[in-house]
Amino acid sequence: GILSLMIVNGAFIQIITGLGTDAAIVWHGVSTEMEDKNRIFSIAVYTALLQFLLFVIAAFLFFRVTSKTILSGEHGNTFFYIELLYFTGLILTEKYTALFYSQQMATLCNKLLAVSSFILLLACIVLFFFLPETIVDNPAIVFSFFIFIPAFVLLISYHMKLKPVLVRINN
């Protein structure tokens, strides 16, 4: 129930706030139209920040009006932070996947996502055998980390490999 709501509502908000920038990043990144790869990176960062800001504003207003969180409809501040972690992971995954793909590094991106997810799965299995209540009592937190951690791996890997810098976007 709760995780399904988080997924559906998160995807809906991601589509609305993303404004198609991920597809544009890939399209322009692989074309010869935009030679400056730092400019593509900067567009991704600025749109990610805009998405994050729009989410925080919408989530805050929704919580103030309904006393429920925007993605799962749960009561309480704890779920707000879980949803913030989840949505941040969605944003980072979308932007850095687009950036990797725009640099013709789709294989590396997919391997990073697969390996980090597999390691998380193994960690959850071990945790389940030794501390099952951690997994059983906190499925939303575990799920949110399953989204955020691979996204963070993409972020670190992209910056280590390409060393992008933010630039001013003109035009």
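I count a residue as buried when its relative accessible area is under 20%. I note at the outset that this is a predicted model.

**Entry 1: salt bridge**

I applied the cut-off to Lys95: its relative accessibility is 2%, so Lys95 counts as buried. Which residue pairs with Lys95 in a salt bridge? I found Asp22, with the closest N and O atoms 2.8 Å apart. Asp22 sits in helix H2 (residues 21–30) and Lys95 in helix H4 (residues 77–102). The two are 73 residues apart, and the pair links distant parts of the chain. I looked up Asp22 as well; at 15% relative accessibility, and therefore under the 20% limit, Asp22 also counts as buried. I searched the whole structure for salt bridges and got one. Side chains of opposite charge can pair when their charged atoms come close.

**Entry 2: Gln51**

I next looked at Gln51, which is found in helix H3. Is Gln51 buried or exposed? Its relative accessible area is 0%, so I logged Gln51 as buried. I then listed its contacts, leaving out residues up to four places away in sequence. Gln51 touches Gln14, Thr17 and Gly18, and also Phe87, Ile91 and Lys95. Lys95 in that list is the residue that forms the salt bridge with Asp22.

I found Leu3 in helix H1 (residues 2–18). Its relative accessibility is 28%, so Leu3 counts as partly exposed. What does Leu3 touch beyond four places in sequence? I recorded Pro139, Ala140 and Phe143. Leu3 and Pro139 are 136 residues apart in sequence, but their C-alpha atoms are 8.3 Å apart in space. Ala140 and Phe143 are among the buried residues of H7.

**Entry 3: helix H7**

I compared the span of H7 with expectation. H7 has 24 residues, which at 1.5 Å a residue should span 34 Å; the end C-alpha atoms are 35 Å apart, so the two values agree. The buried residues of H7 include Val142, Ser144, Phe148, Pro150, Ala151 and Leu154. Further along, Leu155, Ser157 and Tyr158 are also buried. I checked what the buried residues of H7 pack against and found H1, helix H3 (37–66), H4, H5 and H6. Just after H7, I noted a positive phi of about 50° at Lys163.

**Entry 4: helix H5**

Helix H5 (residues 106–130) has 25 residues. I get 36 Å from its first C-alpha to its last, close to the 36 Å expected. Which residues of H5 are buried? I listed Cys109, Leu112, Ser116, Leu120 and Cys124. Their cover includes H4, helix H6 (132–137) and helix H7 (139–162).

Cys109 has 0% relative accessibility and so counts as buried. Cys124, at 17%, counts as buried too, because the limit is 20%.

**Entry 5: nonpolar surface patch**

I then turned to the surface. A nonpolar patch there is formed by Val115, Phe118, Ile119, Leu121, Leu122, Ile125, Val126, Phe129, Phe130 and Leu131. Together these residues have about 1,000 Å² of accessible area. I took one of them, Phe130, for a closer look; Phe130 lies in helix H5. At 67% relative accessibility, Phe130 is over the 50% limit and therefore counts as exposed.

Key: Residues numbered from 1 in each chain as written. Predicted model: local features only at pLDDT ≥ 70, side-chain atom pairs only at ≥ 80, totals over all residues. Heavy atoms only, no water. Salt bridge = Lys/Arg side-chain N within 4 Å of Asp/Glu carboxyl O. Helix = DSSP H or I, 4+ residues; strand = E, 2+ residues; numbered from the N terminus. Buried < 20%, exposed > 50% of the residue type's maximum accessible area, 1.4 Å probe, protein only. Expected span 1.5 Å × (residues − 1). Contact = heavy atoms within 4.5 Å. Patch = residues over 30% accessible without salt bridge, like charges linked within 9 Å, V, L, I, M, F, W, Y side chains within 5 Å. Areas by Shrake-Rupley, 256 points an atom, 1.4 Å probe, with all protein chains shown as cover.
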